[in-house]
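Open the model in your viewer and keep the selection panel handy.

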2 protein chains.
Amino acid sequence: MFEIAYRGTRYHGYQVQKNGLTVCEVLQDALESLLGKREDIVGCSRTDAGVHANHFCFHMETESKIPLQAWPLALNRLLPEDVSVLRVREVKKEFHARYSVYAKEYRYLYFDRPERDPFSSGLCWHVKSRLDEKRMDRLAKELVGVHDFKGFSNAGGSVKDTVRQIYSCDVKRDGDYVILSIRGNGFLYNMVRIIAGTLAQRDMTKERLQKALQSGERKWAGMTAPAEGLYLNRVFYPEEWF
Amino acid sequence: MFEIAYRGTRYHGYQVQKNGLTVCEVLQDALESLLGKREDIVGCSRTDAGVHANHFCFHMETESKIPLQAWPLALNRLLPEDVSVLRVREVKKEFHARYSVYAKEYRYLYFDRPERDPFSSGLCWHVKSRLDEKRMDRLAKELVGVHDFKGFSNAGGSVKDTVRQIYSCDVKRDGDYVILSIRGNGFLYNMVRIIAGTLAQRDMTKERLQKALQSGERKWAGMTAPAEGLYLNRVFYPEEWF
């Protein structure tokens, strides 16, 4: 299993597609340079265009004899600067980067000063007036638990079962940044971005948020927040696979 | 007086020159779009190509009637994403962005994990093996006080008086980042980058550092650390000017 991080700005998401450069593709290119043949790799998640990852995992089968600890630097020499291999671990044969995941944590980064930050363009959602992070945190707590999140997903997802469990959902301020952290057993298409948009909406109430949860209608939740503020922050696997 | 921040990656420093794009130039372009004529502006400091600023000041004279608080957003609409106007203040007529400075603070950012950070390319010095920040902090304390820093400057500076006062010099760790903060009444050409290189040198000793200070010979100090890790962090002016 390969643990990586990437800045998503230049990419049309993780998953290979026809219309543009993807993270999967540059990983396969680097692996091909290293191993002399093109390998299939399986990612833990699809991420949208522009979304970042502080931690993302993929697996592949290989007969290569390169020692585990030599892989990161060997691959980082072949990868572009916005993708980094952090660690490579051996896993049992039945491990699957996508299906073995038992929890994921996302972060959403808002920047709420009128004047932009010249260092973070593409790395946060620049909302130009001050957010009330305490109010947002109180609303966030309504999402914790087992809920049907159908009202927090956009058309385009293919799953039928829209019930997910959220373990924690917190909003904190760090200077001119507001950080939403959400951990759960799974997330629907655009779910974290819709939650980020909903919590940032200035006239959002507990009642309306409950209506969005209970009705399953998309119209009660807020806007889909821009991709550039979203980070897949951590992917969790049971220790038994290692 | 204009308080700005910029990411220096794309620029050949602050000061206008023939060979490449400079921060001063893009500021003059934006001001020209706003005011309809090209103004001379005076910066607080020259910065090298690739060096960043969390806080940088310049002044100009103008007869414009634009209210002070409207300038930042008006200019930020006309500036590229890597330059941001934070605040504009009125100053007394004799104020001079460069000569009225009484102290400056720089930061130098090292990243010391073997695997790169995909989010910080161009924003830190990636040293691939672990630094000893406690040792570096002890060495840093040797620089505090009034010293002749001739041995910590590179050819190219034009000043004759090489005595400067350092008020504080600290090295701290934050995860995989090590941060050097140095505040003083003035800095020679490349002085902070040489200090950053010297503190990071693994065989540097207090004795050798003292030799560099006392002899004034460049050879005793360490290498000039790369520009990309350096930030002008804060410029100080006496309150009397405002």
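Helix axes here are lines fitted to C-alpha atoms over the stretch in contact, and angles run from 0 to 180 degrees between N-to-C directions. Helices are DSSP runs of H or I with at least four residues, strands are runs of E with at least two, and both are numbered from the N terminus. This is a predicted model, in which local features need pLDDT of at least 70, side-chain atom pairs count only at pLDDT 80 or more, and totals for chains, interfaces and linings use all residues. Residues are numbered from 1 along each chain as its sequence is written, chains are lettered from A and ligands numbered from 1 in the order written, and side-chain values use heavy atoms, leaving out hydrogens and water.

**First stop: two helices.** Select residues 23–35 of chain A, helix α1, and residues 71–78 of chain A, helix α2: they pack at about 110 degrees with axes 9 Å apart. α1(A) and α2(A) are therefore roughly perpendicular (65 to 115 degrees). Now show side chains: the contact (heavy atoms within 4.5 Å) includes Leu31(A) and Leu34(A) of α1(A), and Trp71(A) and Leu75(A) of α2(A).

**Last stop: both chains.** A rotation of 180 degrees with 0.0 Å of shift along its axis superposes chain A on chain B, RMSD 0.0 Å, fitted by least squares on C-alpha atoms of residues with pLDDT of at least 70 in both. The two copies are thus related as by a two-fold rotation axis.

Key. Angles under 35 degrees count as roughly parallel, over 145 as roughly antiparallel, 65 to 115 as roughly perpendicular and the rest as oblique.
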